[in-house]
Amino acid sequence: MEFTAEKIAAFLGGRVEGDLMTVVNTVSKIEEGFAGSLSFLANPKYTSYIYTTQASVVLVNEDFVAEHPISATLVRVPDAYKAIAQLLEFYNQSIAKTGISDKAAIHEQALFGENCFIAEFVSLSQGVSIGANVSLYPGVVLGDNVTVGNNTIIYANVTVYKDCKIGADCIIHAGTVIGSDGFGFAPQENSAFKKIPQAGNVVIEDNVEIGANCTIDRATIGSTTIRSGVKLDNLIQIAHNVEIGENTVIAAQTGISGSTKIGKNNMVGGQVGFAGHLKIADNVKIGAQSGIHKDIDQKGAVMQGTPVTGMRDFYRSSLMFAKLPDIQKQINELQKKLNTLLTQNPNPND
Amino acid sequence: MEFTAEKIAAFLGGRVEGDLMTVVNTVSKIEEGFAGSLSFLANPKYTSYIYTTQASVVLVNEDFVAEHPISATLVRVPDAYKAIAQLLEFYNQSIAKTGISDKAAIHEQALFGENCFIAEFVSLSQGVSIGANVSLYPGVVLGDNVTVGNNTIIYANVTVYKDCKIGADCIIHAGTVIGSDGFGFAPQENSAFKKIPQAGNVVIEDNVEIGANCTIDRATIGSTTIRSGVKLDNLIQIAHNVEIGENTVIAAQTGISGSTKIGKNNMVGGQVGFAGHLKIADNVKIGAQSGIHKDIDQKGAVMQGTPVTGMRDFYRSSLMFAKLPDIQKQINELQKKLNTLLTQNPNPND
Amino acid sequence: MEFTAEKIAAFLGGRVEGDLMTVVNTVSKIEEGFAGSLSFLANPKYTSYIYTTQASVVLVNEDFVAEHPISATLVRVPDAYKAIAQLLEFYNQSIAKTGISDKAAIHEQALFGENCFIAEFVSLSQGVSIGANVSLYPGVVLGDNVTVGNNTIIYANVTVYKDCKIGADCIIHAGTVIGSDGFGFAPQENSAFKKIPQAGNVVIEDNVEIGANCTIDRATIGSTTIRSGVKLDNLIQIAHNVEIGENTVIAAQTGISGSTKIGKNNMVGGQVGFAGHLKIADNVKIGAQSGIHKDIDQKGAVMQGTPVTGMRDFYRSSLMFAKLPDIQKQINELQKKLNTLLTQNPNPND
């Protein structure tokens, strides 16, 4: 990455104030700006930093009025926050890798579309079918008959087991495992367990992003399904036959047990656990570290705790939890006073 | 997979009702059945679906009596549930891969038995010794002197550090790490920590299944031991010198701290945490998200919570937790009434 | 590993009692000692085992006085515990691998120093720069411009995304992912989410050890920073823009949300969750499974629970939690008695 202020302004449809030839080769926060970096001022809370930042170029909103001298070259744009995102996206696309490594292992019956990047040590098994503009980083393993839609990026050392389907415009981060066997065993008479074959697959629809080192198990029969637009953070566990509705967002280290169905547009915090065979409504918000043991039927519910309750109730109970020793003291005092009274007023009927 | 109803019936010792030549190439749930799929009816709750399912072939129990017309071809067998499992197992074996890839890196002093599958990009280090019928998927890394018993399957991108031993008939899912260093450091005077060498190994006995992206640390000295028949779900952490007894089953994202010994036939829920140096009896059941801080001596105990208690007590206390704000109100009212009484009945001795 | 008692004594500056030629080829705990193994007696609690151990050689402190006959060969040293650690370290260094595999994929613009071990199926991308004495195990993937300091060990199947920096004398265990995208999305009007580009990196300073299958996300802008001397256990999640202070130690399965700053010399238990944008003071201790929702300002605080409180308060409240059903009973009884009294003493003002 190496751009002049002039080139940045041209790309963004902005206007330079200062030296057109100022060069930047990376991005910084305005409060941590350093020479050679591009920064931006979008949130007015950070305005004071523009007078002291060492960043070489700063994107500002068109209507920004400086109250002190500024050493950085400015690029004025309609929306500085959107502009930086737009610029970074453009940059990422400009450095996207292409080409098929001769150190990949591609089965003769595996197919892939135009303009793909298939790195060294990628393994594409029999029947694999990959769209156009797909990126597979080193160590990606796609089992028999796996399909991947256009423009999807799969980072290094991801494993996808046979028969799983990944949609278009997805991003799957390194180390994630898709399609491992569901955790199903039948107890035997001798206390041992016999494996129940896991004959289904995983279906991931379009525009899904999955973090690093997640695990998504294949269905026993049928599919474990991640609907379009779902975003999963790192180290998340999705058990067999789970379904996650469109545009639901789940934070890191959450686990969802078998056959549970999560609705659309949910927001789930980190380290949450869901029991199996539950049904969660749409637009539900669940706080971090909650334990969900029963269905949530109410659309838009905001829940927290173990067992989960409304978030307000959870906070009130939590405050009380910290005061439990006081409560015992209060009760003991009441008891004492009452006993005194009872001694003075013996109840003949008691 | 592509079978006729006739072939299925012959394999299962069943009897066809309908077109012997009906072909299926996958499996479906009866309520989601579609053309070309094989389904089964074992649980009477699902009986109504057999009259509407689109599955091409359905396995049913011998004594099933149809009350309406059925479009699917039926195969009658003694036990439809067992039959489908038997068929899937047979199918999985029939498609098992074999052969040694010339893109694997096999040390000249590594040994392996007959009929193994060693995929591309597998790394077998010096002194590795592998039994017969073992499958190693792409990216599996076995360090110096690792041994693997007969019939074991190790899926893609699993890492086994040097000197660890894996038994026969095991399944280890993708991304799991076995034999990483235990987490042991000695505090130094300057607040830094010095690594304590981790010189032991991991021993995994026979018939063990380990999920995806688990971590099992090697012992400081001696062995971290996973006994025969243990089943571990995904993303489980097993620290150094832990021992897990025979046929114990542990759900996803649970963590067990150093030197803890778990008994036989335990069932442990997901996201449970065990402190270190504990001893847990046999046949214990522990609910999800529990925190275990002390030994559980009672064989067959059923426990839940943090700190863990009996499951019944946990649920009663949890119900009360939700009512804590009410309790404070009740106490306040009592206090008020009592004060009124006390005002009326001043206690001369108080 | 194969040493005589004589060689061990010479290396440690110790003195042999028994057969100088006794050979050992592994290490055992004294209570589990077996023929051919080296053991040690440091903790007096284990003294009784020295008279029965089957270990062939035992390291003992210089001042150890035997009260019964001992069959093992003894090596007397100033400090038996330090001696065994010293010996194991020496042994580990003596078997360190070197050499550059011709099955690695090393970009022509990647650089590495003297005496490195680069295993098969390692991928070094454009601009990678590696110091001397670095070990990269099979399947390690280093993205564009990644730097690694001297003497660092990176175990198998670790992925480091582009532009991340790893210091000297670090150990990174298998399957860990460094530099995956932070979890940042902007909500759109149609309930979908738009990815916020993650343009920063991860900086890991010197003497850091990171366990297996951890995930450390790159910063949105700037760096996610792991300071010198930090020790992370397995399966830990570090979100974007987090900073972890020097010599802080964190147990397995803990998760830290975005932009949180953890102080120096902290000790954090397993399965702890930190919300985002927090600031935690230095020298803080946090118990396992805690949930941290607000800043901890007090240096040296010892905290536990969800929401976190002082550890003593947490234990008192936890004890009370188990007694909650009793508390309700006590209140009910008080209520009943009080009502009886009130019936006898009707309050005219009530």
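1. Helix α3 of chain A covers residues 311-322, has 12 residues and reaches 17 Å from its first C-alpha to its last, close to the 16 Å expected at 1.5 Å a residue. The expected span is 1.5 Å times one less than the number of residues. Helices (H or I, at least four residues) and strands (E, at least two) are DSSP runs, numbered from the N terminus.

2. This is a predicted model, in which local features need pLDDT of at least 70, side-chain atom pairs count only at pLDDT 80 or more, and totals for chains, interfaces and linings use all residues. Residues are numbered from 1 along each chain as its sequence is written, chains are lettered from A and ligands numbered from 1 in the order in which they are written, and side-chain values use heavy atoms, leaving out hydrogens and water.

3. In α3(A), the buried residues are A:F314, A:S317, A:S318, A:M320 and A:F321. They lie on the same side of α3(A) because they cover an arc of only 160° around the axis. The face turned away from them carries the exposed A:R312 and A:L319. Buried means under 20% relative accessible area, exposed over 50% (1.4 Å probe, protein chains only); the arc is that of the directions from the helix axis to the C-beta atoms.

4. Among the elements covering the buried residues of α3(A) are α4 of chain A, α3 of chain B and α3 of chain C.

5. In α3(C), C:F314, C:S317, C:S318, C:M320 and C:F321 are buried, whereas C:R312 and C:L319 are exposed on the other side.

Note on methods:
Contact = heavy atoms within 4.5 Å.
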